[in-house]
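Q: Please take a close look at one strand of this structure and its surroundings. I would like one connected account.

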Amino acid sequence: MLRRLASLLVTTAVAVGGLAVTAPAAHASTEESQFTSLANSERSSRGLRSYSVASDLVAVARRHAQRMAAAGKIWHNPNLGSEVSGWQAVGENVGMGGSASSIHQAFMNSAAHRANILDGDFTQVGMGTARDSKGVLYVTQVFRKPMGSTAPAPAPAPRVTASPRPRAVYKPATAPAPVATRAAAPVAKPVSKPVRKAVDPKVALRKRLAAASLVAANSGQTGALGRAVTYVDVMAKLG
C-alpha cells in the first residue's frame with residue numbers, strides 16, 4: 001500500500017478520450033523550466049525584458065499539453081481566450097518533438113512562433129509539457145499582456161565612456177623672430193537625427209495578426225508545430 005501511494009505521488013495521469021497519459025511530475029517541471037529559460041535567453045540576447053512566469057498560465061498550458069499527449073496530436077486550445085483571464089493580448093505556441101531544445105529551435109525557425117517568444121507587448125508566460133506513452137514531448141506556451149499594463153521598457157543599454165581626446169603638441173618654429181599663431185577654432189558640424197515615422201496602430205495590428213496566421217512546416221526531426229495564434233483585444237489595443 002505504501003509503495004502504491006509513493007508511486008501516485010511521483011506521477012500524474014490524465015485520461016482524455018479513453019487514452020491515458022502518464023507524465024512524471026518532476027520531468028514536466030524540469031522541461032517547463034527549460035522552455036522558460038530558453039525563451040528568456042532569446043529575449044535577453046536582444047535587449048528584451050525576461051518573461052515572468054504566471055501560475056494561472058502554467059495551469060492552462062499544462063492541461064492543454066496533457067490533452068494533446070493523450071490524443072497523440074497537436075492543436076490550439078479553442079477556449080484559450082476564455083480560460084486565460086485579465087488579458088489585453090494573449091498568444092499560444094504548441095509543438096511536439098523529442099526534446100525541449102529541438103522544439104524550441106523549431107519555434108525560433110518559424111516567424112510567427114518566434115514573434116510570440118520575442119513579443120514586445122507580452123510580459124507573462126506559462127509553459128506546460130506532457131509526454132505520451134512513446135516518450136514524445138508535447139508543449140503549450142501561453143503568453144499574456146495583462147489588462148491595464150503598458151509595454152515594458154527596453155533593457156538599459158550599456159554605458160559607453162568616451163576616451164579622452166589626445167591633445168596636440170605644438171613645437172615653436174626655429175626662425176629668428178618666431179611669430180605666434182592662433183589655432184583655428186573647430187567648426188561644429190550639424191548632426192543629423194533619424195526621423196521616426198508615426199506608426200498607425202491599426203496597420204501594426206493587421207501586420208501582427210497576418211504574421212500570426214502563418215503555418216510553419218518543420219521536419220519530423222525538429223518537431224511538429226501548430227500554427228502560432230495571437231488574440232488581441234482590439235478595443236484595448238486601439239483605444
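Which residues make up strand 5, and why is the strand largely enclosed by the rest of the structure?

A: This is a predicted model. Strand 5 covers residues 124–131. Of its 8 residues, 7 are buried, so the strand is largely enclosed by the rest of the structure. Buried here means under 20% relative accessible area.

Now take its partners. Strand 3, residues 52–53, runs parallel to strand 5. The two are joined by 2 bridges. In this pairing, Val 53 is opposite Val 125 of strand 5.

Strand 6 spans residues 137–146. It pairs with strand 5 in the antiparallel sense, over 8 bridges. Here Val 125 stands opposite Phe 143 of strand 6.

Next, follow the chain from strand 5 to strand 6. The two strands form a hairpin, with 5 residues between them. Gly 135 sits in the turn and has a positive phi of about 90 degrees.

Finally, look at one residue of strand 6: Thr 140. Its relative accessible area is 0%, so Thr 140 counts as buried. Its side chain has a polar atom 3.5 Å from the backbone nitrogen of Ala 65. Setting aside neighbours within four places in sequence, Thr 140 is in contact with several residues, including Gly 126, Met 127 and Gly 128.

Definitions and conventions
Residues are numbered from 1 along each chain as its sequence is written. This is a predicted model: local features need pLDDT of at least 70, side-chain atom pairs count only at pLDDT 80 or more; totals for chains, interfaces and linings use all residues. Side-chain values use heavy atoms; hydrogens and water are left out. Buried means under 20% relative accessible area, exposed over 50%, partly exposed in between (1.4 Å probe, protein chains only). Helices (H or I, at least four residues) and strands (E, at least two) are DSSP runs, numbered from the N terminus. Two strands pair if DSSP finds at least two bridges between them. A polar contact is a pair of N or O atoms within 3.5 Å; within protein, one must be able to donate a hydrogen and the other to accept it, and residues adjacent in sequence count only if both atoms are side-chain atoms. Contact means heavy atoms within 4.5 Å.
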